[in-house]
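Here's a quick briefing to read with the model open beside you. Take a look at the fold, then work through the points by topic.

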2 protein chains.
Amino acid sequence: MAAAESKEVQGGLEWRVKVPEGSTAKMESEAAAFERAAAWLVGCMVMVRMKVVGTATRVWRIGADDPRKVMHGLKVGLALTLVSLFYYTRPLYDGVGRAAMWAIMTVVVVFEYTVGGCLYKGFNRATATLSAGALAIGVHWIAAKSGHKVEPVILGASVFLLASTATFSRFIPTVKARFDYGVTIFILTYSLVAVSGYRVEQLLTLAQQRLSTIAIGICICLLVCVLICPVWAGQELHLLIVRNMEKLADSLEGSVEDYFTEDRIADPKSTSPSQKSQGYKCVLNSKASEDSQANLARWEPAHGRFGFRHPWSQYQKVGAAMRYCAYCIEALSGCINSEIQAPESIKKHLSDVCMRLSSQCSMVLKDMSSSIKAMRRSQGIDLLVADMNEAVQDLQSALKALPSQLIQGTASPQREAASDEKHSISVTATLPLMEALPLITVASLLIEISSRIEGAVNAVETLARLAKFDDPTDDEKSEKMNNISNSEKVLQEV
Amino acid sequence: MAAAESKEVQGGLEWRVKVPEGSTAKMESEAAAFERAAAWLVGCMVMVRMKVVGTATRVWRIGADDPRKVMHGLKVGLALTLVSLFYYTRPLYDGVGRAAMWAIMTVVVVFEYTVGGCLYKGFNRATATLSAGALAIGVHWIAAKSGHKVEPVILGASVFLLASTATFSRFIPTVKARFDYGVTIFILTYSLVAVSGYRVEQLLTLAQQRLSTIAIGICICLLVCVLICPVWAGQELHLLIVRNMEKLADSLEGSVEDYFTEDRIADPKSTSPSQKSQGYKCVLNSKASEDSQANLARWEPAHGRFGFRHPWSQYQKVGAAMRYCAYCIEALSGCINSEIQAPESIKKHLSDVCMRLSSQCSMVLKDMSSSIKAMRRSQGIDLLVADMNEAVQDLQSALKALPSQLIQGTASPQREAASDEKHSISVTATLPLMEALPLITVASLLIEISSRIEGAVNAVETLARLAKFDDPTDDEKSEKMNNISNSEKVLQEV
């Protein structure tokens, strides 16, 4: 009998029908064959339907999670429709003629999700077309003067040389980051003009026509991109950093809470790490998007609360400092979820100090996050950092006290039985260092994390200075003054 | 007097001339002004020269470090020169006419550094042009039948709808990874054909011409890309993983060596972390390049020792497992370079076991690296992992013994003075846990790293199975048989 089996292979469907050797297959009735075919068909349809529904749900969610993506699609449609008006409106069409093709091409390749992307591509396209066109016309003119036989040689050699050099220049990091698209357009324009075979006079008309259509395309792109629900790369970067810092705070607090709270003690195996504690993973892999957004943000004009020369590169440094914390939180979460676990009796000795430290760290991070979000210097960051350092010292004292506590705990029943000196040494040896190891590591990593958070605090302070963050508002200031005068009063009373 | 000062601002040069208020400046002689101008000019020229030389050196190094990048530039030049032959060779030019422009455009945008990139773009361009062209001609035909007034409305609406939908589809991860370029070309081709205003018969001729020129462009690209020093994305990914694994091994061994060796003891402040120990940093940030290379490698045909359906995605998993180790090595190096350091007297108790464990871990990583490099199943990986686990157990025993060792060490002078039980308890409390903290953390992180390396071993085993790595060579096998028969002999003798 033939057996049909379905298998999902890399997102596609593969139907395999096994027909064993022998002639039994030939003798089966037509009805059975029909039934089988029907079953196969129904199975197929069900699979296809499930796949379609699944894909549709996923796609719907992309749009629902961020409606700006849908809006971007509509904006591209609008820009293209506007540009195609050039074909339908007679007077305009007569003006630019067939070159209107270049306006459409420009809109399709220049329109990007962010304003920065649009400006980057638009600027690159315009500059590259202009410079390559001018250069090509110049070379063309020289070649035309050199005689009929040498002309193709000069033009061919210049294409080869320029294309090779320009392509190689794309491997230079600065060029790659800022002018990658421009280099492509430069090569394209130069080759097209150099080998077009037109006379120089024809070329000048053509160039003027083409430049004006490209300019029209870029203008339409920029207008639609900036005027209708603009997405600014700078703002995206700003929000990404703010969001990541919050996630870092939550995941640090969440991990340590997960480790020490009662629920876990009651049933240590079943509780998986909470959603909240996994946020640091976003920070681990955010370098690529931070870099690209910072690159695009440089092209953007002043917008919202961001000035023209807003220090975008400092955001990258804040991001790097955050990742530096995230690596350590990753190691921490590895320890927390490792198989060897400290017994609860030992854990409870450090539970309070560790949780206090982690919540202090988290408060520092949250304060920074809200300070960046509001673009206002934080009032209380110094105080919070001081509190965090105090919590570090408390944890260190608790660690110092740990051995005696543990030994007293374990040694007390034996101490009653025997009291000669030799025995007390053997009691000493029972300090369960191995059992306490994960706990001690967690504590030590927390101390390391707090010192890395101080690095992030410094990076954010530099950002506040460079980006000229507002001073704390007057309300807050007066509150602070009140606090100070109160404390002065207290001092005077004392 | 005016003072000129030069300052490098973000890679550019900024010359600032301070002129203090007052009239003294006006009274200086012309000779002084000339001298100043000359000095400024010379300074300027020196700066420009230094900048040019610096940039030239950097660019030269890019080419010298990887000559394939220079070769890529030459290949692009060659492909473009080949394509421009169409303009100069009369018979060919008469065949394709002005549409030869599309061949040049195709070469410029399709030619990529890797064969996979070239194939990805070539396939996308061909498919998208074909499908969008067919669709556009169909819609054009329907619109033409609908009458003169409705025609632009139908065409405009179809452009708007298709462009919006296609642009939105680029946000779907699968489309983004595999068909991003194709979607752009789809929108471009559809818009150009739909609004071109030609009659359908003209369009068919045009489409046939354009398709053939695009095909010529893609063929030239692929031939030059594959035949002259091809760079395969798959091979690059393979080598990247091998190299990163070696770096991981070196940096793990290097960090622990740095920490425990005598040099550092002699002068703990001056020794910066060695170059060797910093290799893990490459692994931390390699996700983006691994992902893009794996994406491009899927488009490549069988080449070298890589079959057509080589499991490229498993390389990504191996990469992820390596990054998982790297995070922990990062935390380890943080502990090693932290300000608080364990005294050497305490360090020496764990020095040997820690260094043995790190060198065992490093051997496992190096064995995996050479196994992947040779695409051959490793003979001794199980043994090495067993050795590593043994080293872990040794370290754990050493940690267990640590408290008593430390206390004996610190307590011995006091023990002679007093020997009542109460005193021995106060001696217990002097266990310098705080001082030993960095050391204990290093040990604990080493244990965690070894368990993460086991995860990497599993990922590599899966890769070996999926990619059908060779079994160990016959030579190695016979060696192994010899060993077994020897041990059997020994057993018989016993």
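Helices (H or I, at least four residues) and strands (E, at least two) are DSSP runs, numbered from the N terminus. This is a predicted model, where local features need pLDDT of at least 70, side-chain atom pairs count only at pLDDT 80 or more, and totals for chains, interfaces and linings use all residues. Residues are numbered from 1 along each chain as its sequence is written, chains are lettered from A and ligands numbered from 1 in the order in which they are written, and side-chain values use heavy atoms, with hydrogens and water left out.

- Helix 18 of chain A runs over residues 433-466, and its end C-alpha atoms sit 48 Å apart.
- Of the 34 residues in helix 18 of chain A, 25 are buried (under 20% relative accessible area; exposed is over 50%, partly exposed in between, with a 1.4 Å probe and protein chains only).

**Two positive phi values**
- Most residues other than glycine have a negative phi.
- Lys468(A) has a positive phi, near 50°, and lies in the loop between helix 18 and helix 19 (474-493) of chain A. Lys468(A) counts as exposed because its relative accessibility is 68%.
- Met375(A) also has a positive phi near 50°, in the loop between helix 15 (344-374) and helix 16 (381-417) of chain A. Met375(A) counts as buried, at 6% relative accessibility.

**Domains**
- Chain A is assigned domain 1 (67-227) and domain 2 (233-412 + 422-493); the bounds come from an automatic or database domain assignment.
- Twelve residues of domain 1 of chain A touch eight residues of domain 2 of chain A, where contact means heavy atoms within 4.5 Å.
- About 820 Å² is buried between these two domains, with carbon and sulfur atoms giving 66%; this is the accessible area (1.4 Å probe) that two parts lose on being put together, summed over both.

**Annotated spans**
- The unreviewed UniProt entry marks "transmembrane region" at several spans of chain A, including 100-120 and 127-144; positions use the numbering used here, feature names are shortened, and annotations may be inferred rather than shown by experiment.
- Residues 100-120 of chain A are 81% helix and 0% strand, with end C-alpha atoms 22 Å apart.
- Residues 127-144 of chain A are 100% helix and 0% strand, with end C-alpha atoms 25 Å apart.

Notes:
The expected span of a helix is 1.5 Å times one less than its number of residues.
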